Amino acid sequence: MTAAVSHIQHTFRHAVVYSGASILSRIVGFLMLPVYSHYLRGEGYGIIGMIDVVLSMMTLVVGYGIAGAMGRFYFEQKTEQERKTLVSTTMVLMLGMVLLVSSPVLIFHESVAWLALGSREYGYYLVIAALAFICEMSAKAPEAYILLRQKPFLISFLSLGRLVLGLSLNIYLIVSLEMGVLGYLYSSLLTGIAT
């Protein structure tokens with residue numbers, strides 16, 4: 001009975017640590033809504049929304065399944081060397097998939113901007129968003145590896161660091177410098193590069 005209780009406590013503690021940073025991120029995002037709505041206005045939110053649609057389509061093609069599949073096969077490997085090979089192969093595969101999916105948007109950014117946003121002048125916005133997408137998606141496999149290694153405090157530290165950096169950059173670029181949508185996109189890119 002004690003082993004079962006210990007296992008439940010261990011699982012509960014990890015769940016609280018893993019979800020704590022995510023919940024805090026959502027709360028901060030909700031609290032920042034009035035600030036963003038004041039500085040981004042309706043048009044800015046529309047542009048960001050359409051860019052998110054383009055990125056969501058790219059995400060569907062890449063899929064989060066690669067990092068999840070790594071978890072499925074990780075514990076089937078018999079040696080630590082086989083596990084390292086699986087993890088490195090997954091990371092390279094994920095990066096390759098992300099670059100493959102992002103390339104058309106990077107190359108044809110003006111045409112994609114015209115299709116998604118109705119104007120070619122937003123092509124530069126899509127380039128920044130695609131670069132941020134590459135950074136974010138490439139980090140999925142390493143994050144999954146950290147989860148497999150059962151390092152909840154490291155994941156939480158990285159999530160909170162990403163939150164603090166992103167929030168700080170948003171406040172500086174959107175509020176202080178009044179860069180609007182471009183500030184939002186630069187913030188996403190710089191946060192993605194840093195983490």
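Helices (H or I, at least four residues) and strands (E, at least two) are here DSSP runs, numbered from the N terminus. Read along its sequence, the protein follows the pattern α-α-α-α-α-α-α-α-α, with nine helices and zero strands. This is a predicted model, in which local features need pLDDT of at least 70 and side-chain atom pairs count only at pLDDT 80 or more, while totals for chains, interfaces and linings use all residues. Residues are numbered from 1 along each chain as its sequence is written, and side-chain values use heavy atoms, with hydrogens and water left out.

**Overall build**

- Taken along the principal axes, the C-alpha atoms of the protein fill a box of roughly 60 × 35 × 20 Å.
- Of the 195 residues in the protein, 35% are buried, where buried means under 20% relative accessible area, exposed means over 50% and partly exposed lies in between, with a 1.4 Å probe and protein chains only.
- Among contacts (heavy atoms within 4.5 Å) between residues at least 6 apart in sequence, 72% join residues at least 24 apart.

**Helix α4 against helix α7**

- The axes of helix α4 (residues 80-107) and helix α7 (residues 140-148) come within 8 Å and cross at roughly 155°, the axes being lines fitted to C-alpha atoms, for helices over the stretch in contact, with angles that run from 0 to 180 degrees between N-to-C directions.
- That crossing makes α4 roughly antiparallel to α7, given that angles under 35 degrees count as roughly parallel, over 145 as roughly antiparallel, 65 to 115 as roughly perpendicular and the rest as oblique.
- On the α4 side the contact involves Val-87, Thr-90, Met-91 and Met-94, which meet Lys-140, Ala-141, Pro-142 and Tyr-145 in α7.
- The residues of this contact of α4 with α7 divide into six nonpolar, one polar and one charged, where Ala, Val, Leu, Ile, Met, Phe, Trp, Tyr, Cys and Pro count as nonpolar, Asp, Glu, Lys and Arg as charged, and the others, Gly among them, as polar.
- Thr-90, which lies in helix α4, counts as buried because its relative accessibility is 8%.
- Leaving aside its neighbours within four places in sequence, Thr-90 is in contact with Ile-66, Met-70 and Ala-141.

**Helix α5 against helix α6**

- The axes of helix α5 (residues 109-117) and α6 come within 8 Å and cross at roughly 105°, and α5 and α6 are therefore roughly perpendicular to each other.
- His-109, Glu-110, Val-112 and Ala-113 of α5 make this contact with Gly-123, Tyr-124, Leu-126 and Val-127 of α6.
- By class, the contact of α5 with α6 has five nonpolar, two polar and one charged residues.

**Two further buried residues**

- Val-54 lies in helix α2 and, at 13% relative accessibility, counts as buried.
- Apart from its neighbours within four places in sequence, Val-54 is in contact with Val-105, Val-112, Ala-116 and Leu-126.
- Pro-152 has its place in helix α8 and counts as buried, with a relative accessibility of 6%.
- Although Pro-152 and Ala-15 are 137 residues apart along the chain, their C-alpha atoms are separated by 8.4 Å.
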